[in-house]
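Here is a short briefing on one protein model. Look over the sequence and the structure first, then read the points below.

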Amino acid sequence: MKTSVLILCVMVVLVSFSDAGLTFTVKVDGVGDRNLLKEGLKPSEFRHLSIHSSEENVKISSFEILHVRGRSTVNRAVVTNANSYDLNNFRSQAKPGDRIVIKVSKLSGADGNQLSDKNSVIQIPVTH
């Protein structure tokens, strides 16, 4: 009795973009083109915030925004199906030395994206 062995090779090719070059731009109404990551944001400037991807075909569909003091979270919001948030909600408790931390958690428009901590967390200092 002979036994036949069938070896099946399957090659899977995944098409997705590399997240190495993916960056995000954060804009807050009324502050112009100032570099928020370096210069920060005053509590009086807490207004409508929007976040955009450097890739035209990639849209932010979910992110978490935290108001952090030291190691403690003062305020937290989860935004789904949008790329903007009204920072006025955090204004009353904001103090110089705090941080606004944005964690991008979900993208749309590019299949199979995996964000690394390197490109998915944005920190904006709160200044006076």
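**Briefing: aromatic pair, sheet and core**

Tyr85 and Phe90 are both buried. The model is predicted. The points below cover the aromatic pair, the sheet and the nonpolar core.

**Aromatic pair**
- Searching the whole structure turns up 1 aromatic pair.
- The ring centres of Tyr85 and Phe90 lie 5.4 Å apart, with the planes at 45 degrees, so this pair is tilted.
- Planes count as stacked under 30 degrees and as edge-to-face over 60.

**Sheet**
- An open sheet is built from 4 strands, ordered β4-β3-β6-β7, with antiparallel pairing.
- β4 (72-80) and β7 (121-125) are the edge strands, and each pairs on one side only.
- From one strand to the next, the twist averages 20 degrees.
- Strand β3 (residues 59-69) runs antiparallel to β4, and 8 bridges join them.
- Across from Glu64 stands Val78 in β4.

**Nonpolar core**
- The largest nonpolar core has 27 residues.
- Ile51, Ile65, Leu87, Ile100 and Ile102 touch the most other members.
- At least two core residues come from each of β1 (24-28), β2 (48-53), β3, β4, β6 (99-108) and β7.
- β6 gives the most, with 4 residues.

**Contacts of Ile51**
- Leaving aside residues up to four places away in sequence, Ile51 touches Phe24, Thr25, Val26, Ile60, Phe63, Asn83, Ile102, Val104 and Ile122.
- Among these contacts, Ile102 is also one of the core residues that touch the most other members.

Notes
Residues are numbered from 1 along each chain as its sequence is written. This is a predicted model: local features need pLDDT of at least 70, side-chain atom pairs count only at pLDDT 80 or more; totals for chains, interfaces and linings use all residues. Side-chain values use heavy atoms; hydrogens and water are left out. Rings of Phe, Tyr and Trp (its six-membered ring) pair if their centres lie within 6.5 Å; planes under 30 degrees apart count as stacked, over 60 as edge-to-face and the rest as tilted. Buried means under 20% relative accessible area, exposed over 50%, partly exposed in between (1.4 Å probe, protein chains only). Two strands pair if DSSP finds at least two bridges between them. Axes are lines fitted to C-alpha atoms, for helices over the stretch in contact, and angles run from 0 to 180 degrees between N-to-C directions. A nonpolar core is a set of buried Ala, Val, Leu, Ile, Met, Phe, Trp, Tyr and Cys residues joined through side-chain atoms within 4.5 Å. Contact means heavy atoms within 4.5 Å.
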